[in-house]
Amino acid sequence: MRKPDGKIVLLGDMNVGKTSLLQRYMERRFPDTVSTVGGAFYLKQWRSYNISIWDTAGREQFHGLGSMYCRGAAAVILTYDVNQAQSLLELEDRFLGLTDTASADCLFAVVGNKVDLSEEGPGEGGQEGGHGPGPAGGGGCAAPRLPKQVQPEDAVAFYKKILKYKMLDEKDVPAAEQMCFETSAKTGHNVDLLFETLFDTVVPVILRQRAQGPPQTVDIASSRPPARTRPACCA
Amino acid sequence: MMSTKAFTLVPAVEREQLMGDGERVSLECVECCGRNLYLGTSDCFVYHFLLEEKTVPGGSATFTATKQLHRHLGFKKPVNELRAASALYRLLALCDGSITLVHMLSLEPVPSGARIKGATAFALNENPVSGDPFCVEVCIISVKRRTIQVFLVYEDRVQIVRELSTPEQPLAVAVDGHFLCLALTTQYIILNYSTGVAQDLFPFCSEEKRPIVKRIGRQEFLLAGPGGLGMFATVAGVSQRAPVHWSENVVGAAVCFPYVIALDSEFITVHSMLDQQQKQTLPFKEGHILQDFEGRVIVATSKGVYVLVPLPLEKQIQDLLASRRVEEALVLAKGARRNIPKEKFQVMYRRILQQAGFIQFAQLQFLEAKELFRSGQLDVRELISLYPFLLPTSSSFTRSHPPLHEFADLNQLTQGDQEKVARCKHFLMSYLNEVRSTEVANGYKEDVDTALLKLYTEADHDSLLDLLVTENFCLLADSAAWLEKHKKYFALGLLYHYNHQDAAAVQLWVRIVNGDIHDCTRSDLYEYVVDFLTDSLDPDLVWQYADWVLQKNPEVGVQVFTKRPVDEQESRFNPDDIISCLKKYPQALVKYLEHLVMDRRLQKEEYHTHLAVLYLDEVLQQRPSASGKDADVTETQAKLRRLLQKSDLYRVHFLLVAALDWHRLARALPFLTSRSHLTDRTRGAGLPVESAILHGKLEQHEEALRILVHELADFPAAEDYCLWCSEGRAPPYRQRLFHLLLAVYLGPGPSAPELPVAAADLLNRRAAEFDAARVLQLLPGSWSVQLLCPFLTGAVRDSVHARRTTQVAVGLARSENLIYKYDKGGKEICPSPEPWSRPCLGGWSCYYGSVPAFSIYWKMLRARHRAPFCRKTGDTGSSPVCHNY
């Protein structure tokens, strides 16, 4: 088995479509998926690099595994469902903490999936509606599609929160607009864009990691886990 | 989910062999080291068996366990764990909180009584760091709360090397190098016992469920995770394999690459580590021990011991292939790479790839099939042999045994579906085309190319011809029969040609052109045959078909002679033979003679004359049909004229060889017996121009000019005549011709008003060609000077020029003479200025524009005298130059 050069982890609440996104990208199809048990992973050859992409289980039961999957990750894809405001909130409440074990210069992407289910056009449903949970306010629309509950701005705001949480300077990381996506695993909308943008941004990170240090297997002895040291060094 | 048979469960120790009829007694732990099988019981006994494996011819393994000894360890508690340290010949037995060292064979405790006390569980380090072969590293969970201890165990003593405290109470441990993998109360961690650094893995509530910590290889552990997961974790705290999904109540796990085996109260389940899929489920009730010992997996209930015997990987793979599970088979095969010697693996893997390729092929998944055939280095004949009749009858190929697939042939594979057959054939075509020039085809290029030829033929594919005209290895007999069957006669000809049977090829093509057999591959086949014969190096073949090509089209057919390389023509084709062959085809003969005379410039009068005669004959034949005398000059006539003018050879022939070859010609053209006859013919036939040319060649210029002037009144032609006739001759010859022309203009004969005008015109335009003095005598007195002004001016100027030139020459000669005399006599002389001072010297330089010529000469003379040159004239020495002429 080839050893991967870098790792990307998909995180997010159950049923937001992590597995579907990954299958859409890797296998170009949208099969019915069952709830992921534990996790699964794919190896993707991108240019000369092998990148492993981990699909994690969103179920609460497997939540504890997230930290281990994220350990040393070069990028994390935080996934929510644009029609479930709660799923974005969960990212902040439950999943962001799992990324503490990721590598220090880990990249983040915020992905709102299932845009095919909501009314078309960004910004159409409730500009000020915010991301409060619960049903959408105005139900004047007879279309079977639901008004979108999460707007791209909300994702961008969340992305900025991540940076704050990670104590990262906006200048040092890719812009929010570049790393927030709205996708549909069903139609394939933006799926390639998401993964390929991420691969392109992650390769330099991998190269930097490779240039910097010895392999991670001996890190444990010499270095402290980054998540723990970081707060200490920041005022 | 489709299942695989990866293991069979074989009983090893029956319950009767254990503890007799003790109903209460149960099996607590198992250890297996080589052939030694140790069992620990709830009543503190250790049993030693020798385990013998026998493989019966049918392929299934059986085990017989022969009891060696059993010994009571001296406690009242069950034996919790047994571990053999074979290098020390010791067995470590955990019982009642202490680890006792006993001899592996005698089961006697070591005399020193060395033991580790206060242990609730222990693990041997299979990847020890000490490097001391006479000790083993043992890690124990201490009875002290939250404490781990590391010992070195020697033959008869133990030594503690490390004690660590853990954040929570440890419940299970495994070791690899410096790393301990621990199940704590609420989570799993990796702990480096040399640095004390801990790494969280993931939470797990060990109080609710029994944790499993199992070292599965270098730096990697298998752990029971939440939700019945089998999780993989490395010492770095990451997972490199996706988890497998067990049932919730797994009590034991083991690894037998590439499988993870798990045991719960009802079943033994087998998952592949390669794709995480569950592969097999074996019902097994009340199992409570599952462990692997150097590749041997042992499972036990409280009463009996069984061995899980893995089926040979090859068998598993074959089973997968048999159920068309190509992907899984390949994954398994690749995964097996590290367990099988390289050479053996490669052979096996190649075969699997080939088999997989045929499975894909049978499903018409050609892209995948091709890739598998390619990577599996398939003997391409295996594939060809699926297609009936494609392999040459002479091929020595026999399919590999055991067979790579189950199909007799393509018809069986497609069940007669013609559309599928066509697709398969199309695939084979492209595949063979791709591989025929690669090393895949080495050793059986004949088979490949012959098969390809057959496919192309059948499909009426354009590439058939490309195949045959480039390097190929098509077998003649087989291919010829096939092409003939499919009426590909043109291609068959190419095949014959490629096999150096040009005669057969041409014969076939000729039959196609003649319409005896039908093949419309080429509409220009006749031209093709002509080109072919032209390029043919076989004169016999050319001669054989010369008549045929000439009959079809003399002008094109003659190319077989004219277009071949000159050196070859010279060495192998005698022009006279060709000419006699061409007699029946006048057009061809003309072409050939033209080729000889004009292209090859053969200087043989016979050809020239013959060509001229043929031209003439043709012109004469055309003549009557042309309306009137002034009909346009035909192409042939122009050719004839050109030949008559340019060539000097036909005349010589007439004069010298009249009796010999001319005789033959004369027979063909009886009216031509002499040169004069020829001129008569031409004139009589109304070919005055040609007559004039011939007269010219006979030096009968007067007659020629007379024809041109009087009969044709073509004055430019007459002038032209003077020019070409005198080409390459001395000037007087030309002058003579012009004078003759003038004489014709002015002389007696049918007078016409335009003749004097033509004469004056001639004189004025070509003054230089005449001797003015003679002209003046000829001219009638009545002509005005005005009429001849340009001529006279020119004549006078010429005359003056000639005189001066002569004077200069005389002067120079004299001075030369003087210098010579001075050199000889050595006395002072002064040259007379006479020769050059009186006539205008400028005339020299002016006329010729060559001042230097004269002045150099002048200077030369002065230099000789080393003194002012001529005092008499007061000349200072520079050359007088005059421009006033």
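This is a predicted model: local features need pLDDT of at least 70, side-chain atom pairs count only at pLDDT 80 or more; totals for chains, interfaces and linings use all residues.
Chain B comprises 885 residues, of which 37% count as buried. Its secondary structure amounts to 34 helices and 28 strands. When contacts in chain B between residues at least 6 apart in sequence are considered, 49% of them join residues at least 24 apart.

Within chain B, an open sheet is built from four strands in the order 6-7-8-9, with antiparallel pairing. Strand 6, spanning residues 79-85, and strand 9, spanning residues 115-117, form the edges of this sheet in chain B, and each of them pairs on one side only. From one strand to the next, the twist averages 20 degrees.

Helix 4 of chain B covers residues 366-375, and its buried residues are B:A369, B:K370, B:L372 and B:F373. Viewed down the axis of helix 4 of chain B, these buried residues fall within an arc of 165 degrees and therefore line one face of the helix. The packing partners of the buried residues of helix 4 are three further helices of chain B, namely helix 3 (342-362), helix 5 (380-384) and helix 7 (418-435). After helix 4 of chain B comes B:Q377, a residue with a positive phi near 50 degrees.

The contact between the two chains draws 23 residues from chain B and 18 residues from chain A. On the side of chain B that touches chain A, strand 17 (198-203) and strand 20 (229-234) of chain B each contribute at least two residues. Strand 17 of chain B provides the largest share of this side, with five residues. By residue class, the side of chain B that touches chain A consists of 12 nonpolar residues, 10 polar residues and one charged residue.

Notes. Residues are numbered from 1 along each chain as its sequence is written. Chains are lettered from A and ligands numbered from 1 in the order in which they are written. Two strands pair if DSSP finds at least two bridges between them. Axes are lines fitted to C-alpha atoms, for helices over the stretch in contact, and angles run from 0 to 180 degrees between N-to-C directions. A residue is buried if 20 or more other C-beta atoms lie within 10 Å of its own, exposed if 12 or fewer, and partly exposed in between; C-beta atoms are placed from the backbone. The arc is that of the directions from the helix axis to the C-beta atoms. Two residues are in contact if their C-beta atoms, placed from the backbone, lie within 7 Å. Ala, Val, Leu, Ile, Met, Phe, Trp, Tyr, Cys and Pro count as nonpolar, Asp, Glu, Lys and Arg as charged, and the others, Gly among them, as polar.
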